[in-house]
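Here's a quick tour of the structure you're about to see. Keep it open while you read the notes below.

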Amino acid sequence: MHKSFDLFFVSSNSHKYHEAKNILDLFGINLGFLKSDLKEIQSNSLHDIAIAKARDAFSKFKKPLLIEDDGLFIDSIAGFPGPYSSYVFKTIGNKGILNLVKNNRNSKFVSIITYCDKNYLESFVGKLNGKISKSQKGKGWGYDPIFIPNNSKKTFAEMNNKNELSHRYKALKKFSKWYLNK
Ligand code: ITT
């Protein structure tokens with residue numbers, strides 16, 4: 001039933017999958033989706049969290065797969081929410097973030113994409129610098145309405161070309177280059 005897919009994206013978040021699928025289509029890689037809540041360890045390192053998620057996913061599904069761990073790092077609040085981005089989004093949300101950020105609005109989005117199969121466990125990083133907007137703008141998921149990439153006036157939620165420049169695009173581009181040559 002799953003034979004036509006090259007590999008699977010394992011995540012509880014279908015927005016992440018849809019963007020990853022659109023991006024990997026560009027590189028000719030056909031990405032399936034296994035919707036699943038993965039064990040998320042407590043760590044200050046996105047990389048360590050991603051490795052633990054990938055191991056958990058591979059032990060469940062035993063298929064070639066990708067997982068992704070993301071973080072939004074805001075300079076003026078010591079890189080918060082960083083590795084806690086998922087929890088912070090579910091608790092204080094974008095409104096809570098806007099209340100915490102005052103003058104220095106510099107921030108970055110980081111994506112770690114980890115590939116796992118029976119022979120490989122490899123991670124790829126994508127980073128995108130930007131600013132936290134003063135109010136929520138546009139209709140998007142997660143932190144999209146408050147993140148303005150550098151050299152743009154629009155938030156991710158207002159852009160129609162997010163997938164051509166995002167942290168996710170940068171990590172998946174590196175992954176694709178490696179995957180297609182391995
Ligand atoms: P998993 O099941 O894949 O772990 P998750 O939603 O918990 O899904 P992360 O821990 O990687 O995923 O995500 C951290 C948070 O950052 C989460 O709240 C996302 O909504 C948010 N996020 C990640 N990438 C984003 C993007 O491109 N735009 C907006 N928000 C994003």
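A polar contact is a pair of N or O atoms within 3.5 Å; within protein, one must be able to donate a hydrogen and the other to accept it, and residues adjacent in sequence count only if both atoms are side-chain atoms. With that in hand, look at N13: its side chain has an N or O atom 3.0 Å from an oxygen atom of the ligand.

Some ground rules: this is a predicted model, where local features need pLDDT of at least 70, side-chain atom pairs count only at pLDDT 80 or more, and totals for chains, interfaces and linings use all residues. Residues are numbered from 1 along each chain as its sequence is written, and side-chain values use heavy atoms, leaving out hydrogens and water.

**Around the ligand**
- S11 has a side-chain N or O atom 2.7 Å from a ligand oxygen.
- K162 also places a polar side-chain atom 2.7 Å from an oxygen atom of the ligand.

**Two helices meeting**
- Helices here are DSSP runs (H or I, at least four residues), strands are E runs of at least two, and both are numbered from the N terminus.
- In α1, K16, E19, A20, I23 and L24 meet R168, Y169, L172, F175 and S176 in α5, where contact means heavy atoms within 4.5 Å.

- Most residues other than glycine have a negative phi, and most peptide bonds are trans.
- K62 isn't a glycine, yet its phi is positive, about 50°; you'll find K62 in the loop between α2 (46–61) and β3 (65–74).
- The peptide bond from F80 to P81 is cis, with omega near -5°, and P81 sits in strand β4 (residues 80–82).
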